[in-house]
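Me: Could you walk me through the side-chain contacts in this one? I'd like to go through them topic by topic.

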Amino acid sequence: GLFPTSATASAAAGPPVVDQNYGRPSRMYQWNVGLQREIFRDLVVEASYVGNRGVWWRASSLLDYNALQPSTLQSAYGLDWSNAADRTILASAVNSANAARFRARIPYAGFNQAQTVAQSLRPFPQFTTLAVTGAPIGNTWYDSLQMKATKRLSHGLDFTWVYTYSKELILGADNDLGGGVINDVYNRAQNKQLSSFSRPHLMVLAANYTLPKWGPGRIVQSVVRDWQIGAVLQYSSGLPIQTPTSPSNNNSSTLLRPTFATRVADQPLYLQDINCGCYDPARTIVLNPNAWTNTASGTWSPSAAFYNDFRYMRRPQELMSVGRIFRMGEGRQLMIRAEFSNIFNRTLMTVSGSTAPTGGYVQPSTTIGATPATDAFGRYTNGFGTINTTGTVNGERQGTIVARFTF
């Protein structure tokens, strides 16, 4: 069954190939150095450098045993991948005149000649890709400055503040490494890239405050006192946007590998400040289509997979609560508590039920060449840089009020 002879016009994906080093445990080296000081009573601050290096992570994405290598095409068949005429031969059907000297040249009996010359020259022409499983050839790099301030409870207030400034790099596109995508698989070191989960700035504040007695009289004081206000506030950089794929490049049909679009140096990446909250996302193009151009066929894109200045919208997480316990004699008490998420009602737009790596948020389209289109209400439904808000979205402010009487 490994050599199908059915007269199909296209080859099928092959069975998974188990790497010979499958199961080798990954290894990570970690280190940190920190300073801690008590500024005054009940307030402690600290700062640390935290770093690690990982090796032997699963990175099967860096391999494809059925991909055509430019060096092999040149040495074995006299085809120069960077030459337009030779690329035409590779992309032509075996039974067409454009196949030139490869016309009607088949790798095995029963091979469908409607398939391309490139397909007939693959190491295993009966398959398109041969997915590799468990190749431990991935690497990771992580460096960060981590700061923390802790205020112990005094005068009704306690809080913990944490800030992290970090850089996360990976080599390999598998989920074990934090996502990503591979460009030129034949030059492995060039695929060292930002993690798709990179957030260089991350700050979290968790605080609680108990109101003291306040007011002109006993009644006012009894109403105001002992209310507890709590908050957990998280702010961070947006996740990086993957560099768009070049739509008119024929690497996919010849080498089984697409490539990125090429970034235009003098063009801004955005047409609108994506974090300002000052535009209608349903009717605004936020990404600049002129910032990217097609990469010429027969070449690999010089663009990186991710850029630090090309990121999705920041998504704050702001939770707040207020509550109090009213004691009503021995053994009886009433607890009232209100909890709120997205307390400031920011526009977050999450897709119901989504488990996407980007958190299920509605994101701008990065499909180059897609013409902007709108629905009957003038909302964008397609197009580079547009945000499709016509589906089921949520994320608005929500609150829950709880009352509990204990006796």
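Me: Let's begin with charges over rings: where does the charged end of R315 sit?

Reply: The charged end of R315 sits over the ring of Y361, 4.3 Å from its centre, where a charge counts as over a ring if NZ of Lys or CZ of Arg is within 6 Å of the ring centre and within 35 degrees of the ring normal. This is a predicted model, in which local features need pLDDT of at least 70 and side-chain atom pairs count only at pLDDT 80 or more, while totals for chains, interfaces and linings use all residues. Residues are numbered from 1 along each chain as its sequence is written, and side-chain values use heavy atoms, with hydrogens and water left out.

Me: And R263, which ring face does that one lie over?

Reply: R263 lies over the face of Y307, at 4.7 Å from the ring centre. Y307 also belongs to a cluster in which ring pairs link it with Y270, W292 and F310.

Me: How many aromatic pairs are there?

Reply: The count comes to ten aromatic pairs, taking rings of Phe, Tyr and Trp (its six-membered ring) as paired if their centres lie within 6.5 Å, with planes under 30 degrees apart called stacked, over 60 edge-to-face and the rest tilted. One of them is W81 with W300, whose ring centres are 5.5 Å apart and whose planes meet at 50 degrees, so this pair is tilted.

Me: Which parts does the pair of W81 and W300 tie together?

Reply: W81 is in the loop between helix 1 (70-77) and helix 2 (84-91), and W300 is in the loop between strand 11 (292-293) and strand 12 (317-327), so the pair ties together parts that are 219 residues apart in sequence. Helices (H or I, at least four residues) and strands (E, at least two) are DSSP runs, numbered from the N terminus.

Me: Is W81 buried or exposed?

Reply: W81 is buried, at 7% relative accessible area, and W300 counts as buried at 18%; buried means under 20%, exposed over 50% and partly exposed in between (1.4 Å probe, protein chains only).

Me: What about W161 and Y163, stacked or tilted?

Reply: Their ring centres are 6.4 Å apart with planes at 10 degrees, so W161 and Y163 are stacked. W161 is partly exposed at 25%, whereas Y163 counts as buried at 18%.

Me: Switching topic, how many disulfides turn up?

Reply: A search of the whole structure finds one disulfide, meaning a pair of cysteine sulfur atoms within 2.5 Å. C276 and C278 form it, with their sulfur atoms 2.0 Å apart, and the link is left-handed, with -85 degrees about the S-S bond. C276 is partly exposed at 30%, and C278 is exposed at 56%.
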